Amino acid sequence: MPVESLAARRRRAARIVEAFARAYPDVRIELRHRTPFQLLVATILSAQCTDKKVNEVTRELFRRYGTPRRLAEADPAEIEALVRPTGFYRQKARAIQGAARAIVERFGGRVPRTLEELVTLPGVARKTANVVLGTAFGVPALAVDTHMKRVNQRLGLVRSKDPLKIERELQGLVPPDQWTAYTLRVIHHGRVCCTARRPRCESCPVAELCPWPARARRGRAGRTGSARGRTAGTTTRRRRGAAGAVAR
Ligand code: SF4
């Protein structure tokens, strides 16, 4: 396979961005929220949990503690009980209350609007910060989660496995005004089409721009070939073994 030049990869990336926009024009974040703070909390809770479950939990959590001040002053045991269905509830309860307190104490009760400040909050890593920046504040941001990693790797747009490096690689390929929409579309695509176990390449809107189906076919052919080779080898060895047994 010839190595694709950076210019060619950029051209292909532009076509992929367009194809996703056509296929998924109205994709929105599925985590229910009314404020940047609620989105921050919901995103922290979404680690290792479905958006559906998070939405069930935040309905009551936000009814009782929907602002940084209220959550900062809440009883920790009550927060734990409320967020328990999302898993890892002790760490998550600590993180969301710690973030609420930091927002109250250091940012006057308002969620900060820069990546540098957001990542100083407890429980807020770069991905969460980028989700909040992109969706709540309209700041162009690429949030690299498991779907962004897998889909962009299969598309051959990124080579690294490290989320920060993937973000940097994509920044050089996708126009900034598309970063947030691209993130949402790729995450949606990873959920409905390019799933981890069984990507549905036959109905994929970017199939003709993706090297994965051909690579997967070559991989299957290679495995079939070596399996045949192994079977033939085994048969030959068996025959030899049988012949040897008779000779003895
Ligand atoms: S062609 Fe297949 S591997 Fe490539 S993006 Fe589409 S579903 Fe994923």
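In which helix is the place of E56?

## The position of E56

In this predicted model, E56 has its place in helix α3, which covers residues 51–65. The residue is partly exposed because 14 other C-beta atoms lie within 10 Å, a count that falls between the limit of 12 or fewer for an exposed residue and that of 20 or more for a buried one. E56 also lies 9.1 Å from P85, C-alpha to C-alpha, although the two residues are 29 residues apart in sequence.

## Overall architecture

The protein chain contains 12 helices and 0 strands, and its pattern, read along the sequence, is accordingly α-α-α-α-α-α-α-α-α-α-α-α. Of the 248 residues in the protein chain, 33% are buried. Among contacts in the protein chain with a separation of 6 or more, 60% are between residues 24 or more positions apart.

## The surroundings of the ligand

The ligand is surrounded by 14 residues, of which C194, C201, C204, C210 and W212 are the closest. Two or more residues of this shell are given by each of the elements α9 (146–154) and α12 (212–247). By residue class, the shell around the ligand divides into 12 nonpolar and 2 charged residues, with no polar ones.

## Confidence of the model

The average pLDDT of the protein chain is 91, and 90% of the residues score at least 70. Over residues 232–248, however, pLDDT stays under 50, and for these residues the model has 0 contacts beyond four places in sequence.

Conventions:
Residues numbered from 1 in each chain as written. Predicted model: local features only at pLDDT ≥ 70, side-chain atom pairs only at ≥ 80, totals over all residues. Helix = DSSP H or I, 4+ residues; strand = E, 2+ residues; numbered from the N terminus. Near = placed C-beta within 6 Å. Nonpolar A, V, L, I, M, F, W, Y, C, P; charged D, E, K, R; others polar. pLDDT = per-residue confidence, 0-100. Contact = placed C-beta atoms within 7 Å.
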